[in-house]
Amino acid sequence: MTESTWPACVDAARERAPHDAVVLLHVSDDEVVAAAHHAYEGLLGRGHRPDRDPGARLEALSGTAAADLLEAAAHRLGRPCELLDHHGRAEHEVVRAAADAALLICARDGERGHPGPHSLGRATRFVVDHAECPVLLVWP
């Protein structure tokens, strides 16, 4: 789930799988945090106070944002569900998490006015191509 597409995914899960177990997954990409950390270290050199490292602050903010998004999604779903917060490349983590799923619900993240291949972003295209279960694509 991402910040812009999660409501459509949750609504589809509520409508299409009203009695099935639901797992809500958020994946944080650690590349932004790593880039901030390395930039700080590169610009100021080693030995500076770690509490001033913007990478650590971004990591904390990212964790809070992920937890808030998952809680909002669970509330919108309106029934018990499992919440997962993974770190890594989103497309790989989604495929791995859906290995035993009966259905994977994803939102299209590409250009709505261009049907076909451009209606899927790179990560969603990877998931559609590699998921071992049926994939339901919804528009956000």
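What percentage of the 140 residues in the chain is buried? I looked this up first. Buried residues come to 32% of the chain. I kept in mind that this is a predicted model.

**Entry: the whole chain**

I went through the secondary structure next. The chain has five helices and four strands. Read from the N terminus, the order is α-β-α-α-β-α-β-α-β. I then looked up the surface. Among contacts with a separation of 6 or more, 71% join residues 24 or more positions apart.

**Entry: helix H4**

I picked H4, which spans residues 90-97. Which of the residues of H4 are buried? I noted Glu91, Glu93, Val94 and Val95. Two of these names are glutamates, Glu91 and Glu93. I then asked what covers the buried residues of H4. The cover includes three strands: E1 (23-28), E2 (82-87) and E3 (104-107). Helix H5 (122-130) is also part of the cover.

**Entry: H4 against H5**

I followed up on H5. Two packed helices are described by the angle between their axes and the distance between the axes. I looked up both. The axes of H4 and H5 come within 9 Å and cross at roughly 30°. Angles under 35 degrees count as roughly parallel, so I logged H4 and H5 as roughly parallel to each other. Is their crossing left-handed or right-handed? The crossing of H4 and H5 is right-handed.

I listed the residues that meet. From H4 they are Glu91, His92, Val94 and Val95. From H5 they are Arg122, Ala123, Phe126, Val127 and His130. By class, this contact has five nonpolar, two polar and two charged residues.

**Entry: Arg14**

Arg14 sits in H1, residues 6-16. Is Arg14 buried, partly exposed or exposed? Its relative accessibility is 33%, so Arg14 counts as partly exposed. The cut-offs here are under 20% for buried and over 50% for exposed.

Which residues does Arg14 contact, leaving aside neighbours within four places in sequence? I found Arg76, Leu77 and Arg79. I checked the spacing to Arg76. Arg14 and Arg76 are 62 residues apart in sequence, and their C-alpha atoms are 8.9 Å apart in space.

Notes:
Residues numbered from 1 in each chain as written. Predicted model: local features only at pLDDT ≥ 70, side-chain atom pairs only at ≥ 80, totals over all residues. Heavy atoms only, no water. Buried < 20%, exposed > 50% of the residue type's maximum accessible area, 1.4 Å probe, protein only. Helix = DSSP H or I, 4+ residues; strand = E, 2+ residues; numbered from the N terminus. Contact = heavy atoms within 4.5 Å. Axes fitted to C-alpha atoms, helices over the stretch in contact; angles between N-to-C directions. Parallel < 35°, antiparallel > 145°, perpendicular 65-115°, else oblique. Left-handed = near helix turned anticlockwise from the far one by under 90°. Nonpolar A, V, L, I, M, F, W, Y, C, P; charged D, E, K, R; others polar.
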